[in-house]
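Welcome! Here is a short tour of some charged pairs and a surface patch. Take a look at the structure first.

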Amino acid sequence: MQYNIFGGNLPAVTITFNAGESIFTQSGGLSWMTQNIEMQTNMRGGFMKGLGRMFAGESLFMATYTALCDGEEITLGASLPGTIRVFEISPGKEYIAQKQAFLCATSGVELSACLTKRLGSGLFGGEGFILQKFAGQGLVFAELDGTVVEYELKAGQIMKVDTGNVAAFESTVSYSVEMVKGFKNILFGGEGLFLTTLQGPGKIWLQTMTASDLASRVIPFMPSPSN
């Protein structure tokens, strides 16, 4: 299997299969594909896992695309301006990502909901109680918002991130939320009440934009029904 990510800030990925190879994606994720690819729609893992995916921002049903011969291609596009990143999953190498990050994955990957461990993280972390977890073995293609920067934190090293700008991190990284210190900072700092704290060891991916930020900037320019 080979892949090509293209499109700049409006990215898409084209995957070229060998015969018998397959990927799965949420329903409605397809942009286009060549003729000799078989599509099957199912809940993938049963109703309970499908329900968990819904809480993590994905669809109940998933679509599996399998190549019937060599050289077949499928293209999937991101839903918002941003970046498509590829994560290589293996036993002991798992990743946590923001809701709705999943674009597609190879058949050996398991996509599930991941509950934040602390109440404060769920209430104030910008992504709610539920994140996405990528486990198993294979490749995951994730769509992240804006420009993405990667850091590798050493054991005990901490990065404090504005709410919602955490795109993904390795499962070895601990995730919590703390209140901004200082009365003036809270009232006049303009950064909200809470910051997410990521503590190493492990890699983290931070995004310069969030979907909610983009929507808040665009909505004022949308025509109202009275116009």
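## A network of salt bridges

Arg 85, Glu 150 and Lys 203 are joined in a network of salt bridges; a salt bridge here is a side-chain nitrogen of Lys or Arg within 4 Å of a carboxyl oxygen of Asp or Glu. This is a predicted model, where local features need pLDDT of at least 70, side-chain atom pairs count only at pLDDT 80 or more, and totals for chains, interfaces and linings use all residues. Residues are numbered from 1 along each chain as its sequence is written, and side-chain values use heavy atoms, leaving out hydrogens and water.

In the bridge between Arg 85 and Glu 150, the closest N and O atoms are 3.9 Å apart. Arg 85 sits in strand β8 (residues 82–89) and Glu 150 in strand β14 (residues 148–153), so this pair ties together parts 65 residues apart in sequence. Strands (E, at least two residues) are DSSP runs, numbered from the N terminus.

For Lys 203 and Glu 150, the closest N and O atoms are 3.7 Å apart. Lys 203 belongs to strand β19 (residues 202–207) and Glu 150 to strand β14, so the pair ties together parts 53 residues apart in sequence.

## Another bridge

The structure holds four salt bridges. One of them joins Lys 133 to Glu 94, with the closest N and O atoms 3.3 Å apart.

## How exposed is Glu 150?

Glu 150 counts as partly exposed because its relative accessibility is 39%; buried means under 20% relative accessible area, exposed over 50%, and partly exposed in between (1.4 Å probe, protein chains only).

Methods
Helices (H or I, at least four residues) and strands (E, at least two) are DSSP runs, numbered from the N terminus.
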